[in-house]
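This note is for a colleague meeting the structure for the first time.

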Amino acid sequence: MTQFLSREDWDVRCRGVEARPIPASMTAMVDDAAARWGDKPALIFIDNETLSFETLRRRVNQVANMLRARGVKRGDRVAVMAPNLPAVPATWLALAKLGAAIVWINMRYTSSELAYVLDDAQPGHLLIHSDFLSVYDGITDTPEQLTAERIITLGAPSQYDDFDNQIARASQDFVPQWTTSPDDIVNINYTSGTTGFPKGCMLPQLYWQVFWACKSPGFPAPPERTIYNQNLFYIDGPMFLSMTLHTGAAMAIMPRPSLTGILERLRDLETDYLYFFEALMRNADDPVARQLSLKLVHIFGLTPALHARVEAMFGCVAREAFGMTETGAALMMPYEAADMVGSGSVGWPVAFREASVRDPDFNKLGPGEAGELWIRGKGIMAGYWNRDEANAESFRDGWFRTGDLFAADEHGYLTLVGRLKEMIRRNSENIAVREVETVLRACDGIAEAAVVPVPDEKVEEEVKAYVVLEDGLTRDDVTPEQILVHARAHLASFKVPRYITYAASFPKTESDRVEKKKLTAGIDDLRTDSFDRVDGIWR
């Protein structure tokens, strides 16, 4: 493996990928995969059934026939609230055959959150697991269109039609009755963002038709076996499934997110690719880690020391990448770029994507200048559902505003600096939350860090850091003074946290991201229970 790849060579590689034909449709993705790989395992539902590519094709056809018989047509929306069961990906792909869209529902939603999404998306049908019927029943005013005959359940018997019984009577052959288009919306995925109510990202079929082509320049070869350790309603679920249909890689799916025995699963399944989250490092010293077949993992925001440690402990290549629901894959560090390990950079634009760092007036910025990352390309999000104002704000001349702050170096490598809406404004200085968190996480004894602003009459906002210490350590072992010495060595004085609070753990999303709203919820004065650097006291 070479240790360096020029930007020119990377761009030539991407243009070569773009010149290749892409699948004609999502239906073709399923049918062509079945024709190529037949009885080879496609989806391995751990502790459940395994679907071959041909079995998946037939299952998708059954679901498509069943939904069409129930009145689902092109342009319709079907909400799905269910765990990681074979019915979920089969329903998504069946809706693609019909030119309809899936509205993915987070299983952790309360009745009010579920009511908000159903009211906003106005789906004509609902597929829901019986475990969540109490959440649905808790809605004060259920949507008028979701009459009893438009609700299908999975799991225990209920007063509604049963999914398995319905598809058992459906044909395994599917004959289209209307034409679908790459522009048909197939996903409405709700993203919470940093403020306000969730917005539904409208993803066209083309998003998935080009998905593997976008990512492929960063792979030395297509993966053969992957594992998915999140819930399928996250965007990463259909991303992995799409990769399976493009490459023939067997996709193992955990019943629910779990770290218990995950290394043994990776070993026994001979997994060679996955998305690597920092939580896996808790088992990094396990001897099983040295027995894995991992070749490439994509990482997200690891500290420089951890990046190198992942490669050493797991015997694989680890590369940063960046994407979001709105853009799909966007940036990726080349496989060959071993010299960039620990740099924090997420690389260059992938195939079918352009990236530009701009100031608020849409002017291009040069190397070393931080600005908002703008992305454009084939198959990105069509817009936010029912959000004309947000669409007008987010798009300009075909470019999508990511809301993320990036800076490019002299080689064009892009590094995430922070979020526009995750900035702390102190004495007219902008402080990127991510930068402070990255520095704190590199401090000896700190396992995790989360930074939030604290309103202040004199300086607008002060920096507050929540820290979780490594197992067995207390604040007597890692004192505020030690943390501040480390921070001052790596940060300008105005970025050094004024307030430090120790926490036993952080509330997390199932993709291992800190939920800062929950971290600060119910606290009237964020200075409480903190060490105050300026006054030198515990408040």
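The points below take up the ring pairs, a ring cluster and charges over rings.

1. The model is predicted: local features need pLDDT of at least 70 and side-chain atom pairs count only at pLDDT 80 or more, while totals for chains, interfaces and linings use all residues. Residues are numbered from 1 along each chain as its sequence is written, and side-chain values use heavy atoms, with hydrogens and water left out.

2. Rings of Phe, Tyr and Trp (its six-membered ring) pair if their centres lie within 6.5 Å; planes under 30 degrees apart are stacked, over 60 edge-to-face, and the rest tilted. The count by this rule is 21 aromatic pairs. One of them, W10 with W348, is tilted, at 6.1 Å centre to centre and 50 degrees between the planes. Because W10 belongs to helix α1 (residues 7–18) and W348 to strand β16 (residues 345–349), this pair ties together parts 338 residues apart in sequence. Helices (H or I, at least four residues) and strands (E, at least two) are DSSP runs, numbered from the N terminus.

3. Both W10 and W348 are buried. Buried means under 20% relative accessible area, exposed over 50%, and partly exposed in between (1.4 Å probe, protein chains only).

4. Ring pairs join W212, F219, Y228, F240, Y273, Y275, F277 and F300 into a cluster. Y275 is buried, at 13% relative accessible area, whereas F300 is partly exposed, at 35%.

5. A charge sits over a ring if NZ of Lys or CZ of Arg is within 6 Å of the ring centre and within 35 degrees of the ring normal. The charged end of K199 is placed over the ring of Y384, 4.9 Å from its centre. R475 lies over the face of W538, 4.0 Å from the ring centre.
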